[in-house]
Amino acid sequence: MFWMNSNDSLSVKMCFSARVAVSPYHTLLVALSFTFVLLCVGLAHAGPQQDYLDARADFYTLMKSNTQQQYRHNWDKILTPLHEFVQKYPQHSKTPSAYYLLGKAYTRLSEISHLRSDLKQAVSMFTRLEQNFPRSSLADDAMYLRAQLYQERYSEPKKAAKLCVNLIGRYPDGDMRAAAERLLKQSGYTQAQLAHEKSSSQHSVVDNSLTDIRYSIDPERVRVVIETASAVRFKQAHLGAPARVYVDIPGAQPSSKLADEYKVEHEDSVVENIRLGYSNGTARVVCDLKEDTEYKIFTLDNPARIVMDIANTTAPVMKSETREIRNAPRAAEDHVDTLLANAVDGHVDMVSLPAKKSGNKRLSIVIDPGHGGKDPGAVGANNLYEKDVNLALSKRLARQLRNILDCDVHLTRTEDVYLSLQQRTAIANRHGADVF
């Protein structure tokens, strides 16, 4: 026979009489009883709580392996269970935490993949956490991380500043308030300034007019520049038969001094013609091409302009994303200090700083650590990355400048993220850099 011990519901004791033979029936009964107990124990540990804990464990396991992070299918293994959890249990106590992990995962993934879609997913996950669970202890964390993405990854300091102001107002006693105040200061905006802009926005009119169109040609590319009176949003597209690339600028009005068409009479130019049209409140700039080729379109500031770089060599249009994320594995330890300690003293080039501006404007210096994220730069002994050396040197230089000079010092990046050349110069312009 068998019985349950009253002191331990999970322990099972069996006792058989030495004088009584155990029948097959009794043996089957004991086996079935054991199976029932084990099934009950398994069910007690299953359910949404365990689903979340399993997904969380997988998340942190992947975060510890830089090598495993380089392949998309490893990310899918942690993202899929977390997405399934928030869909299946929309009101569970662990759902805010699942959204938080999703936001963190997509943030890290976007730093490696450099895909806009991954970055948008990170913002989306933090937004859902904040909106669906405003009383969660993670709501202010999500709002801050979203503001940080707007500031550092999207280069939209005003959006970041507005989120920081909302965070401070909504969670004045939250643990993210101090960080939000620092980020607000870094954005260059103040609460009073944002409040004034909000009150006067109904009476202001943004000038979206096109002020100039020009182009330049070199052996590698044709650069078409569309200058605008202020920063504008645009849509781009590529068409074939005949080949052409164009941008649509909603709300833009071409200047009367601009021509409707510009002939590009140059035998080495892949661009034959630049045409300007206007319909239903949208301006369209079209580049007629001799053949399909590679191109990229981006914006620059000071002055605001849209830049179309079109390759002069025939090449297929690059795909927007790739399944495998290629990056060399990181060094097992930090060798930057060793490298700097062994550096040989040599000639130092002196740099003359510009004269201090009049008034209370402090000298502004922006330091740009090269490479970063998916761009490791040169790889040295022991897998020492150039991007890590650049960042370490830049941080040391910033500390020295702050200690020696009466100036403001900023870095284009303070962690291992990828920035395009346009993003780097935009950061310098935003800080009003006197030295870059």
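Trainee: Is the crossing of H4 and H5 left-handed or right-handed?

Mentor: The model is a predicted one. In it, helix H4 covers residues 95–113 and helix H5 covers residues 116–132. Their crossing is left-handed.

Trainee: At what angle do the axes of H4 and H5 cross, and what does that make H4 relative to H5?

Mentor: Two packed helices are described by the angle between their axes and the distance between the axes. The axes of H4 and H5 come within 7 Å and cross at roughly 160°. Angles over 145 degrees count as roughly antiparallel, so H4 is, relative to H5, roughly antiparallel.

Trainee: How many residues of the contact of H4 with H5 are nonpolar?

Mentor: On H4 the contact residues include Tyr-99, Leu-102 and Tyr-106, and on H5 they include Ala-122, Met-125 and Leu-129. Of the residues in this contact, three are charged and six are polar. The number of nonpolar residues is 11.

Trainee: Which are the edge strands of the open sheet of five strands?

Mentor: The sheet has the order S5-S6-S9-S8-S7, with antiparallel pairing. From one strand to the next, the twist averages 15°. An edge strand here pairs on one side only. The two that do are S5 (235–239) and S7 (261–263).

Trainee: Which residue in S9 is the bridge partner of Tyr-278?

Mentor: Strand S8 spans residues 271–279 and strand S9 spans residues 282–289. These two strands pair in the antiparallel sense over eight bridges. In S9, the bridge partner of Tyr-278 is Ala-283.

Technical notes
Residues are numbered from 1 along each chain as its sequence is written. This is a predicted model: local features need pLDDT of at least 70, side-chain atom pairs count only at pLDDT 80 or more; totals for chains, interfaces and linings use all residues. Side-chain values use heavy atoms; hydrogens and water are left out. Axes are lines fitted to C-alpha atoms, for helices over the stretch in contact, and angles run from 0 to 180 degrees between N-to-C directions. Helices (H or I, at least four residues) and strands (E, at least two) are DSSP runs, numbered from the N terminus. Angles under 35 degrees count as roughly parallel, over 145 as roughly antiparallel, 65 to 115 as roughly perpendicular and the rest as oblique. A crossing is left-handed if the near helix is turned anticlockwise from the far one by less than a right angle, and right-handed if clockwise. Contact means heavy atoms within 4.5 Å. Ala, Val, Leu, Ile, Met, Phe, Trp, Tyr, Cys and Pro count as nonpolar, Asp, Glu, Lys and Arg as charged, and the others, Gly among them, as polar. Two strands pair if DSSP finds at least two bridges between them.
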